[in-house]
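Here's a quick briefing to read alongside the structure. Take a look at the model first, then work through the points by topic.

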Amino acid sequence: MLFRLTVVYLLLEFGRPQDLIPGLASLHLPGVVSACLVLAVILSRRFDFSDKQTRLFVLLLVLMALHVPLAENQYRALMGLKYMLITFVVYFGIVMSVDTLHKFRTFITLWLGVHLFLAIHGIARQGQGVGGFLADENDFAMTLNMIVPFSFFLAQGEPKRAKKLLYTGLTGLFVLANIFTFSRGGFVGLLAVGLCCWLRSPTKLRSAFVIASLVLLVAVYAREGYWERIQSSWEEGTSAGTGEDRLYMWKFGWRMFLDNPVIGVGQDNFPVRFGDYEGDERLYGVTRVWRVAHSLYLTLLPELGLVGGFIFFRMLYWIWRDLVGIRRSTPQQFKEAQNMAPTILSYAHTMEVSLIGFLVSSIFISTLYYPNFWVAMGFVVALRRIVTREGAGALASDKVMRPSAVRARPRPL
């Protein structure tokens, strides 16, 4: 039940049928499913807080709870905390319910299916997302950058030709949807994803051919004006357009952080406090008050301070440690026992490059409280737990069948 509810919630949160089908929004399905998900977590009694990322997530929630009475706009801080509590339950549901490799594969298949729908919808709507946190073209492009490594590395590790072509086709579709967004930050993130996909690929020559084909796809099917818009990023630089606008906001965001360095001004309070730092200064005579920071990092530091920054980057550190551990925990015995090593290695590369796509794309957009990162972190923790459990089981089974053949143990994570 916990697994199914987690899947349904993510389908509603990312696919957002309630924003597309008339009358469905009145049913408040995300709220109903999230309440059922909380209840399912409680009834499951599977409260395992042994993972470093889970403990750090709890610490982040404690910090955000502390901000509710301290923030200037307490309502915004409370709503931010509420949303992150729901996100934590979803993260916890992934970690606790996706506990076998079969479930993980099922989850990834459904995840690709949701993003397939998003990509088709985005192309049909000329780059617009479905709504909610995916409505803006830049946020939509970031989400697409995170899914490209999934289909790319699944194609790399898939032995069946038909499925390999399917995953390669999905990769092309996700890239095409990205360029339809006209997002310059999304293009930079896509470049980072493409480079990291090639670097992590075990077949460099074949991957270079696939990536070159995708570049050709972009060149042929890019909408009119796309390359002019991308070129404008370098022409405008930081002295005009959105580049100058972002630097203007980041300047005051940095001052906000310096004035509140320990715990920040509180979640979702950057727009509230911006006017205190902008004062009478205006860029082209227009105030930027009540606007977000347009950067994950200049949201994190001003709103949650050094404490929140330490928690977030510590999470990234343990994610990296988990991915390194997963790559090292596929010894020859594990491969011989279940032939799972290539698949697990592909998943590890997928998670790594997906998070790089998120971190690079998020330089230019405020994505800290979006579910993308927290769901990806849940994927990593779930995969590491599966590898630890099933890898040890594979070795134990192999010892029973061939007691003289196995002597080594998998490296601890």
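**Aromatic rings**

Trp374 has a relative accessible area of 0%, so this residue counts as buried. Keep in mind that you're looking at a predicted model.

- Searching the whole structure turns up 27 aromatic pairs.
- Phe150 and Phe379 form another pair, with ring centres 6.2 Å apart and planes at 70°, so they also meet edge-to-face.
- That pair ties together distant parts of the chain: Phe150 belongs to helix 6 (residues 137-157) and Phe379 to helix 16 (residues 371-401), and they are 229 residues apart.
- Phe150 and Phe379 are both buried.
- Ring pairs also build a cluster out of Phe3, Phe14, Phe104, Phe107, Trp111, Phe133, Phe150, Tyr347, Tyr370 and Phe379.

**The chain as a whole**

- The protein chain has 413 residues, and 53% of them are buried.
- Take the contacts between residues at least 6 apart in sequence: 78% of these join residues at least 24 apart.

**Helix 6 against helix 7**

- Two packed helices are described by the angle between their axes and the distance between the axes.
- For helix 6 and helix 7, the axes come within 8 Å and cross at roughly 160°.
- An angle over 145 degrees counts as roughly antiparallel, so that is how helix 6 runs relative to helix 7.
- This crossing of helix 6 and helix 7 is left-handed.
- On the helix 6 side, the residues in contact include Leu144, Ile147, Val148 and Phe152, while those from helix 7 include Tyr167, Leu170, Phe174 and Val175.
- Sorted by class, the contact of helix 6 with helix 7 has twelve nonpolar, six polar and one charged residues.

**Helix 7 against helix 9**

- Helix 7 (residues 161-180) also meets helix 9 (residues 204-221), where the axes come within 10 Å and cross at roughly 40°.
- That angle makes helix 7 oblique to helix 9.
- The crossing of helix 7 with helix 9 is right-handed.
- Among the residues that touch are Thr168, Val175, Leu176 and Ile179 from helix 7, and Val210, Leu214, Leu217 and Tyr221 from helix 9.
- The residues of this contact split into nine nonpolar, three polar and two charged.

**Helix 1 against helix 5**

- The axes of helix 1 (residues 2-15) and helix 5 (residues 101-124) come within 10 Å and cross at roughly 20°.
- Angles under 35 degrees count as roughly parallel, so helix 1 is roughly parallel to helix 5.
- Helix 1 passes helix 5 in a right-handed crossing.
- Residues that meet here include Phe3, Leu10 and Phe14 in helix 1, along with Phe107, Trp111 and Leu118 in helix 5.
- By class, the contact of helix 1 with helix 5 has eleven nonpolar, four polar and one charged residues.

**Zooming in on Leu37**

- Leu37 is part of helix 2 (residues 29-44).
- With a relative accessible area of 1%, Leu37 is buried.
- Which residues does Leu37 touch, not counting residues up to four places away in sequence? They are Leu2, Leu5, Thr6, Tyr9, Val89 and Val90.
- Leu37 and Leu2 are 35 residues apart along the chain, and their C-alpha atoms are separated by 6.8 Å.

**Two residues with positive phi**

- Phe182 isn't a glycine, but its phi is positive, near 65°.
- You'll find Phe182 in the loop between helix 7 and helix 8 (184-200).
- Buried or exposed: what is Phe182? Phe182 is buried, because its relative accessible area is 17% and the cut-off for buried is under 20%.
- Asp268 has a positive phi of about 65° as well, although it is not a glycine.
- Asp268 sits in the loop between helix 11 (241-259) and helix 12 (270-278).
- Asp268 has a relative accessible area of 26%, so it counts as partly exposed.

Definitions and conventions: Residues are numbered from 1 along each chain as its sequence is written. This is a predicted model: local features need pLDDT of at least 70, side-chain atom pairs count only at pLDDT 80 or more; totals for chains, interfaces and linings use all residues. Side-chain values use heavy atoms; hydrogens and water are left out. Axes are lines fitted to C-alpha atoms, for helices over the stretch in contact, and angles run from 0 to 180 degrees between N-to-C directions. Helices (H or I, at least four residues) and strands (E, at least two) are DSSP runs, numbered from the N terminus. Angles under 35 degrees count as roughly parallel, over 145 as roughly antiparallel, 65 to 115 as roughly perpendicular and the rest as oblique. A crossing is left-handed if the near helix is turned anticlockwise from the far one by less than a right angle, and right-handed if clockwise. Contact means heavy atoms within 4.5 Å. Ala, Val, Leu, Ile, Met, Phe, Trp, Tyr, Cys and Pro count as nonpolar, Asp, Glu, Lys and Arg as charged, and the others, Gly among them, as polar. Rings of Phe, Tyr and Trp (its six-membered ring) pair if their centres lie within 6.5 Å; planes under 30 degrees apart count as stacked, over 60 as edge-to-face and the rest as tilted. Buried means under 20% relative accessible area, exposed over 50%, partly exposed in between (1.4 Å probe, protein chains only).
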